[in-house]
2 protein chains.
Amino acid sequence: MTKREQSAKEATVADVARAAGVSKAQAARALGGYGAVSEQVLSLVIAAAEGLGYRPNQLAKSMTTGRSNSIGVVVGDIENAHFGLALRGISDEVRDAGYTVVLVNTDEDLANEVAAVQELLQQRVAGLIVAPCSSTDTSHLESAQAHGRAVVLFDRGVRGLALDTVRVDFADAALEVGRLLLDTGHRRIGYVSSQRVKAAYQRGMDLGLSPVADRVDGIERAFTEAGSEWDPALVKLNATSDDALAAACAELLDQAEPATAVVCSDSLIALRVLGQIKRRGLRIPEDISVVAYDDFAWTELIEPPLTVVAQPVYDMGREAARALLRRLGHRVPAEQLPLRAHLIERASVSAPTVSSTLPGR
Amino acid sequence: MTKREQSAKEATVADVARAAGVSKAQAARALGGYGAVSEQVLSLVIAAAEGLGYRPNQLAKSMTTGRSNSIGVVVGDIENAHFGLALRGISDEVRDAGYTVVLVNTDEDLANEVAAVQELLQQRVAGLIVAPCSSTDTSHLESAQAHGRAVVLFDRGVRGLALDTVRVDFADAALEVGRLLLDTGHRRIGYVSSQRVKAAYQRGMDLGLSPVADRVDGIERAFTEAGSEWDPALVKLNATSDDALAAACAELLDQAEPATAVVCSDSLIALRVLGQIKRRGLRIPEDISVVAYDDFAWTELIEPPLTVVAQPVYDMGREAARALLRRLGHRVPAEQLPLRAHLIERASVSAPTVSSTLPGR
DNA sequence: TTGAAAGCGCTAACAG
DNA sequence: CTGTTAGCGCTTTCAA
């Protein structure tokens, strides 16, 4: 009768039914709030359940109903504030619908991502929100979809795949960034991203339906528009590790004709690029201009405050969740949250000095 | 036979068994890698499983074995880089043991936390890692423990509760912070934290086994040691919202005898306090000195670089996971990762100027 | 090494 | 309204 005894075995519907002196079905109905139950039975069952410390077993419930109350979220790097915030949006939105979030971090590694999706599917999550690390290798997502699981893509889309995708269109903002830099006098503009690709970037390379594709394209369009020569070699991808990023920065900054401006693909990249710049004793914006994507609080507090492209990350998370819930047959507000990116000019961009375009500074 | 058909119903052990022409039990044994199975049956079953695209149903598996392969993690604010990084540590560590992470964000709200624990328990997670928002209201955790679920506390302990707790001891570091500030000449030292307490802080208040308790205590001890008068009214807790934080800063900075130094309890608080300081046009460290807990990359990049107390957040996450795994009967490395905090002096602390101790600046 | 059968805790027909 | 009876997909005795 003591607590020790309860801890041995969790009370079940059958136990409650017995204690309440009703049938298992009635107890289940009372507990589950479905079907028809008399007042009397209801209170009897409630009391019994309370006395036994009954907790419904979600596993068994999902098992019999075939409906799970958890969704899987697969991201590349939870340490990145971008995903932290998006996750919060997702979390807040699905909570109201009664779902819980199973999170997997993939370290931006495709094999991990495939394994994660597999594992989540085996856990029979109701649906999946995935920020895919590749825009091309997505057979695991297609197959999940084919097996009847709801899948929503986050940040990155896949061409020709009928998957709901939540991402902001960076076309305008990216063009603006390009123009800003060009208007300010820059001609050698670097871009650093952790996006994984098979080879070094070259003009016309297919980056899939990714933010990076939009952003690089925006820069290129600005160059075309201005009739200037663009050097695609300054686009550095695959900066997934500290070393890789250091190498990219070296190629950008330590050459005869260095970049005079660098665009950082996210706040984590920005943090590291800033470190590299500092290490070299370069001043911003005198020696090098910097623009970063994602507007987190610290970008405004550093000296100089960073010119950034803000995006509504939290709302993106919520939208992804809503898209998924919709697929799962839930009612969610019809109006979409507007997902727009916008440039915020602060003080990290200025005209390149003559000296910065010369070697040996 | 087509994919469309498979998508209707997932293949089960029974299906595989039938296709392989063996009994359900044998198929299950072959698939699950337990029990005795002949070479022949094994290959037959493997082939059949492959052909049907069989995926084991984790739900059913957990259901029958009573063992779950997921653990619950409950944190106050996933947006806080502190938890993001810790979560990564947890995630990395449990992955190897075959567990997945169910994450719940509580917004530092006790009711949410209680509900989260309840929900996770109903989901029959194998164990729980909780960063409790209160050091006192912890009956839900005790009860989880009493019901035989493994619980590990993160960051904050509970006095008199036999729960594994992973937290770093801030006694030394906090004393050092106090000494540094006192030695530099500060006498009015503010402290800002988002920890929830029932009333305003006053000397001797029990803050539980929390980092904040350690840190405030360290400051007080430094004062005692120096024989100086400490003003406990400068300890501002409950700064959970932007408004609350703004109010705390106002009380600290906009009074006749303002604080000349402020200690920030975590990086999120620091970000906001820095914003408040900037808004007032105060210079760091000339007008006000700043020390923050948690050493994230941006703290070194701002101007001036922040003097901080670093803590091994990622390893704390890993240790929490290990403690839990241990409780769950897994073999994990016996040696503990050292969890030490240390002061990193940078440039945000200097002697208070006379003017800053005078009103009307 | 195999197979039949009995559950795990719950819901969902189907009769009363 | 209530109770009986099947399962959900898997593991696990228990015999063969």
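What follows is a walk through the strands, salt bridges and surface of this structure. Keep in mind as you go that the model is predicted.

Let's start with a sheet in chain A. Six strands make up an open sheet in the order β7-β6-β8-β9-β10-β11, and the pairing is mixed. Look at the two ends of that order: β7 (235-236) and β11 of chain A sit at the edges with a single partner strand each, so one side of each has no neighbour in the sheet. As a reminder of what holds such an arrangement together, strands of a sheet pair through backbone hydrogen bonds, in either a parallel or an antiparallel sense.

β6(A) pairs with strand β8 (residues 261-264) of chain A in the parallel sense, over four bridges.

While you're at β10, check out its side chains. In a regular strand, side chains alternate between the two faces of the sheet. In strand β10 (residues 307-310) of chain A, Thr307(A) and Val309(A) point one way while Val308(A) and Ala310(A) point the other, and all are buried.

As for a neighbour, strand β3 (residues 127-130) of chain A runs parallel to β4(A), joined by four bridges. In that pairing, Gly127(A) stands opposite Ala150(A) in β4(A).

Time to move on to charges. A search of the whole structure turns up 46 salt bridges over all chains, so let's visit a few of them. One is between Asp15(A) and Arg18(A), with the closest N and O atoms 3.3 Å apart. Why does that pair line up along the helix? Asp15(A) and Arg18(A) are three residues apart in helix α2 (residues 13-20) of chain A, which puts about one helical turn between them. Asp15(A) is partly exposed, at 25% relative accessibility, and Arg18(A) is exposed, with a relative accessible area of 60%.

Another salt bridge brings together the side chains of Lys198(A) and Asp137(A), at 3.4 Å from N to O. Lys198(A) is in the loop between β6 (189-192) and α10 (211-226) of chain A, and Asp137(A) is in the loop between β3 and α8 (139-146) of chain A, so this pair ties together parts 61 residues apart in sequence. Lys198(A) is exposed at 72% relative accessibility, while Asp137(A) is partly exposed at 31%.

Over in chain B, the side chains of Arg221(B) and Asp217(B) also meet in a salt bridge, 3.7 Å from N to O. Both residues lie in helix α10 (residues 211-226) of chain B, four residues apart, or about one turn of the helix. Arg221(B) is partly exposed, with 31% relative accessible area, and so is Asp217(B), with 36%. Salt bridges can also share partners: Asp77(A), Glu79(A), Asp107(A) and Arg88(B) are joined into one network that way.

Glu176(A) belongs to helix α9 (residues 171-183) of chain A and is partly exposed, at 38% relative accessibility.

For a last stop, go back to chain B and find Ala47(B), in helix α4 (residues 39-52) of that chain. Ala47(B) is partly exposed, at 46% relative accessibility. How many Å separate the C-alpha atoms of Ala47(B) and Val309(B)? The separation is 57 Å, for two residues that are 262 residues apart along the chain.

Notes. Residues numbered from 1 in each chain as written. Chains lettered and ligands numbered in written order. Predicted model: local features only at pLDDT ≥ 70, side-chain atom pairs only at ≥ 80, totals over all residues. Heavy atoms only, no water. Buried < 20%, exposed > 50% of the residue type's maximum accessible area, 1.4 Å probe, protein only. Pairing = 2+ DSSP bridges. Salt bridge = Lys/Arg side-chain N within 4 Å of Asp/Glu carboxyl O.
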